[in-house]
Amino acid sequence: MAKLFDAAEVAKHNTPDSCWVVLYGNVYDVTNFLTSHPGGSDIILKLAGQDATEDYDPVHPPGTLEENLEPEAKLGQVNPETLPEPGATPAADVPSRDYRPPLESLLNLDDIEQEATKRISSRAWAYYFSASDDLVSKKLNNSVFRDILLRPRTFVDCTECDLSTTLLGHRVGVPFFVAPAAMARLAHPDGEHGIARAAARFNALHVVSNNASMTPEQIVKDAPPEQIFGWQVYVQSQRDKSEAMLRRINAIKDRFKFVCLTLDAPVPGKRELDERSNFEAGSNNANVQAAVSNSSRDSQRQRPGGGGVGQQLFFGTACDLTWKTTLPWLAQHTDLPIVLKGIQTHEDAYLAAQHAPQVKAIILSNHGGRAMDTAPPAVHTLLEIRKYCPEVYSKIEVWVDGGIKRGTDIVKALCLGAKAVGLGRAPLFGLGAGGQAGVERTLEILEAETATCMRLLGVQKISELGPKFVSASEGQTPTRQPRQVRAIPFDD
């Protein structure tokens with residue numbers, strides 16, 4: 001029979017030398033795990049001696065405890081009668097949720113984001129909203145679309161409008177996809193599974209985050225057979241962990257049709273809003289700060305910044321990837337097609353095309369402005385490729401993400417050569433606004449806006465879109481025939 005502990009007894013174990021936490025009613029001794037925790041020991045110590053379930057559950061997929069703790073770390077169960085009454089000390093950052101406007105009254109993605117901001121915790125908002133340094137790249141990702149004007153044609157029958165297209169040879173219902181974005185259950189318990197079910201309604205491709213808060217099996221459960229998923233990979237310094245996950249994805253390749261290797265964040269950017277939220281959250285345990293030993297603080301020095309969610313997720317990510325070593329390594333562990341995410345120059349786009357057919361597509365992305373600030377928006381890289389190495393478009397598919405707020409943004413990117421357009425923050429805020437239904441409303445808005453834009457342009461099919469329908473500012477004239485120029489040298 002499991003031993004029963006009073007909450008008061010658990011509360012005494014709140015130091016680096018004896019650290020217990022309660023998770024799902026069970027008492028765990030995590031003292032030996034403190035120095036191994038990817039998010040650092042301070043994250044656990046702030047919850048030492050307490051019920052940590054509410055903080056733990058949204059960010060850890062099932063099975064994490066079993067994978068990381070020895071069986072003897074589970075000491076017993078907590079007597080539920082000795083725990084504080086739920087709601088006795090309501091969290092200061094959780095807003096009133098009494099009134100929910102009809103989702104139909106949310107008319108654009110800004111409305112969706114505003115509604116989500118009222119409902120999710122400040123910690124979740126800071127992680128989702130944050131970007132690096134001064135947020136220059138994040139803001140430019142969106143504003144750059146305002147500088148591109150559309151060129152509508154008239155006297156064109158626009159009765160029919162077909163948004164379907166193909167990605168990696170698979171038919172999809174819309175030219176936009178769910179880009180990998182971590183920790184969906186911070187926004188709503190529906191999590192990534194809710195996003196997947198919403199995407200299924202539109203037959204939209206879904207790239208699942210390497211740092212999803214649900215397991216890949218949970219996310220794709222009950223998905224219709226025609227729905228396409230990709231799995232994002234952040235290669236770990238401990239390669240065996242990445243190899244184990246690739247084996248897991250290979251085992252369900254009937255669902256996951258490609259691997260998306262992210263390249264634009266070998267180290268985390270300085271996301272100050274996210275890091276600041278970690279300090280502002282404070283600690284309910286006054287003994288914790290005094291009890292953190294010098295050795296524990298020393299172990300944190302290798303983790304830059306304030307230890308926000310982003311810093312925690314990136315700890316352990318490898319930064320030694322190269323063209324010569326990483327793609328051959330991937331080929332040893334999966335025969336799934338590779339999509340390279342985070343290409344930001346035409347030189348790297350050209351190099352990626354040389355690795356076809358293993359590399360089937362690239363995603364032009366600056367990580368939503370969350371890695372290097374002042375990195376270029378995807379639109380600029382699209383224009384670079386058209387100018388210097390347009391043959392890339394015929395060798396591999398070119399996708400983009402970052403800053404998409406309107407259907408007109410999607411159409412402009414497609415006109416400039418993108419095959420598909422990714423949505424990162426938008427599904428997360430949709431989830432926060434209304435769970436799975438909120439994500440459906442988000443995608444519904446973009447689907448309708450995209451169709452309206454195409455009709456007003458005089459276009460019936462995605463394949464008809466091209467540079468003749470847009471006019472870019474600052475001397476960029478994508479309507480002109482690009483000059484065939486190959487930038488050299490391309491240094492591996």
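Predicted model: local features only at pLDDT ≥ 70, side-chain atom pairs only at ≥ 80, totals over all residues.
Residues are numbered from 1 along each chain as its sequence is written, and side-chain values use heavy atoms, leaving out hydrogens and water. Local features need pLDDT of at least 70 and side-chain atom pairs count only at pLDDT 80 or more, while totals for chains, interfaces and linings use all residues.

The second largest pocket holds about 770 Å³ of space. A pocket here is an open set of points on a 1 Å grid over the protein atoms alone, where a 1.4 Å probe fits, with protein on both sides within 12 Å along at least five of seven lines; lining residues have an atom within 4 Å of a point. Its volume is the space filled by probe spheres set on the points, which are joined across faces, edges and corners. The lining counts 39 residues, with Tyr 128, Gly 368, Arg 370, Gly 424 and Arg 425 nearest the centre. Among the elements giving two or more residues to it are helices H5 (109-119) and H20 (425-457) and strand E16 (420-423); helices (H or I, at least four residues) and strands (E, at least two) are DSSP runs, numbered from the N terminus. H20 supplies the largest share, four residues.

H20 also has a partner elsewhere: its axis and that of helix H8 (residues 191-201) come within 8 Å and cross at roughly 10°. That makes H8 roughly parallel to H20, a label for angles under 35 degrees. Axes are lines fitted to C-alpha atoms over the stretch in contact, with angles from 0 to 180 degrees between N-to-C directions. The contact (heavy atoms within 4.5 Å) involves, among others, Ile 195 and Ala 198 of H8 and Leu 431 and Val 439 of H20.

Helix H16 (residues 346-353) is mostly covered, with six of its eight residues buried, that is, under 20% relative accessible area with a 1.4 Å probe and protein chains only. The buried ones include Tyr 350 and Leu 351. Elements they pack against include helix H15 (323-333) and strand E13 (338-343).

Most residues other than glycine have a negative phi, and most peptide bonds are trans. Leu 168 has a positive phi, near 55°, in the loop between strands E7 and E8. Asn 203 has a positive phi too, near 50°, and is buried at 18% relative accessible area.

Conventions
Buried < 20%, exposed > 50% of the residue type's maximum accessible area, 1.4 Å probe, protein only. Parallel < 35°, antiparallel > 145°, perpendicular 65-115°, else oblique.
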